[in-house]
Every structure is written in structure tokens, then in C-alpha cells.
Amino acid sequence: MKRVLLLASGGLDSTTVAYQLVEKGCFPKPIFFDYGQHCVDTEWERLLEVMPAHAEAPERIDISGVFKGSKSRLLNEADLWAERVSDDDLYVPYRTMFFFSAAAARAQSVGVSEVYTGFINSNHAKEIDCSADFLNGLDALTENIGPVRFSSPFRYSSKADVALEALRLDVPIGRTFSCQAASKLPCGACPNCVERLTALRATGLLA
């Protein structure tokens, strides 16, 4: 089986990519970045639960020191009973770019030449670093500086597209986690939760 690196978070998108890779005969090595997110332990626990049997054991890498001082609500959990959280509050500066750089370095260090991600073409405010245009630009950058190549199978997809693929692959959708505002249980109101719920309704999984 071909060995590839996978940026994995325990969320629906990256988990679905993991199942795609196994179906294609690849052997994914999941890496999980602890960047100081308030939900880090929940994400890690879910990741350990949802990865397919033919994936390597996930590797957890601490990069949290880079983002110390950021006021992002992805790092500093809000009291949702008392505080209002906007899209702008959830932005983590240069997070995706740093993920790509760190993943490329890790891949080359362990002798892997391909890195897969579950990033989709996001329309969220402040998520310009998850757009298809941004991801295409990063691919062009890595072509000039090393052997590692990136693949983001859902870069042109909607969350509903991902949910339908997850259904086809029997991904444990209910065990995945991707809330931005709450660290234990999905809040149901942050951009990720709203997008996820809308997608699950589109597939018929939710009324």
C-alpha cells in the first residue's frame, strides 16, 4: 500500500479523505496539529475513534507556541451563555499556511512525498486561507521548493458533497467533531456547525 501523509482533525472532511485513501489502496499516516485550540482534547479523542482500520496510528504534533498571544476564539473559548462570537473572532492568523509548511517538513522527514488534506472551498468570512484559490497557490509554491506535493480532494466541493461521499464510504459521521466555538459538545451555531447541519439535511440524514 502506498504511504501518504494526511492532515487529520477528527472532523468530517479529513476523516472522509482518510476513507477515500484506504479505498484507493493507500496507507494514510494521520498527523494532528495541536495549535492551542480549546477543543484539542475532544478533537484528538474523536480522531482516534474515527480513523479507518488501515490507517497508521495518528501522530500528535504540538505547534501551539506559534499562536500564543492570539485572541482568536478558536484558542480562547468563549462563554457562549454570556458572550457573542462572530466569524472574525474565530480567525487564527496564517494557520492553514503554517499547517502546509509543517506538514511538508514532516512528510519529507519521514520519507513521504504526498500530503492530503480535507480542506473544502470555504465561503466563511475570514477563511480565505481555505479557499480553492488559496490552496492552488500553495501547491504552486511547493512545486518550487521541494519534492512534497499536496492533494485536497474536496477543494472544489461543498460540505453536502463531502457528506454524500462520507455516506457512501460508511464514515462514522456522528463521531466526527468540528465545532469552532465549544470544546466539548457542538454548539450548533458557529460557521462549522451550521455548514455541517445544512449538509446533513441535504443528504436526508437530518430532517
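Student: What does Thr 42 touch, leaving out residues up to four places away in sequence?

Tutor: Thr 42 touches Phe 177, Ser 183 and Lys 184. Keep in mind that this is a predicted model.

Student: OK, and where does Thr 42 lie?

Tutor: You'll find Thr 42 in helix H2.

Student: Is Thr 42 buried or exposed?

Tutor: Buried. Its relative accessible area is 8%, and the cut-off for buried is under 20%.

Student: New topic: the inside. Which residues have the most contacts inside the largest nonpolar core?

Tutor: Those are Leu 6 and Met 51, in a core of 26 residues.

Student: Which helices and strands supply at least two residues each of this core?

Tutor: Two strands do, E1 (2–7) and E2 (26–34). From the helices you get H1 (12–23), H2 (40–50), H5 (159–168) and H6.

Student: And which one gives the most?

Tutor: That's H1, with 5 residues in this core.

Student: What other core lies apart from the largest one?

Tutor: There's another one of 23 residues, including Ile 31, Leu 90, Leu 138 and Val 148.

Student: Let's go back to H1. Why is it called largely enclosed by the rest of the structure?

Tutor: Because 11 of its 12 residues are buried. Among them are Leu 12, Asp 13, Tyr 19, Gln 20 and Val 22.

Student: What do the buried residues of H1 pack against?

Tutor: They pack against strands E1, E2 and E4 (114–116), plus H2, H5 and H6.

Student: How far does H1 reach, end to end?

Tutor: From its first C-alpha to its last, H1 reaches 17 Å. That's close to the 16 Å expected at 1.5 Å a residue.

Student: What follows H1?

Tutor: Gly 25 does, and its phi is positive, near 90°.

Student: Where does Leu 206 lie?

Tutor: Leu 206 sits in the segment after helix H6 (191–203).

Student: Why does Leu 206 count as partly exposed?

Tutor: Because its relative accessibility is 34%, and partly exposed runs between the buried limit of 20% and the exposed limit of 50%.

Technical notes:
Residues numbered from 1 in each chain as written. Predicted model: local features only at pLDDT ≥ 70, side-chain atom pairs only at ≥ 80, totals over all residues. Heavy atoms only, no water. Helix = DSSP H or I, 4+ residues; strand = E, 2+ residues; numbered from the N terminus. Buried < 20%, exposed > 50% of the residue type's maximum accessible area, 1.4 Å probe, protein only. Core = buried A, V, L, I, M, F, W, Y, C linked by side-chain atoms within 4.5 Å. Contact = heavy atoms within 4.5 Å. Expected span 1.5 Å × (residues − 1).
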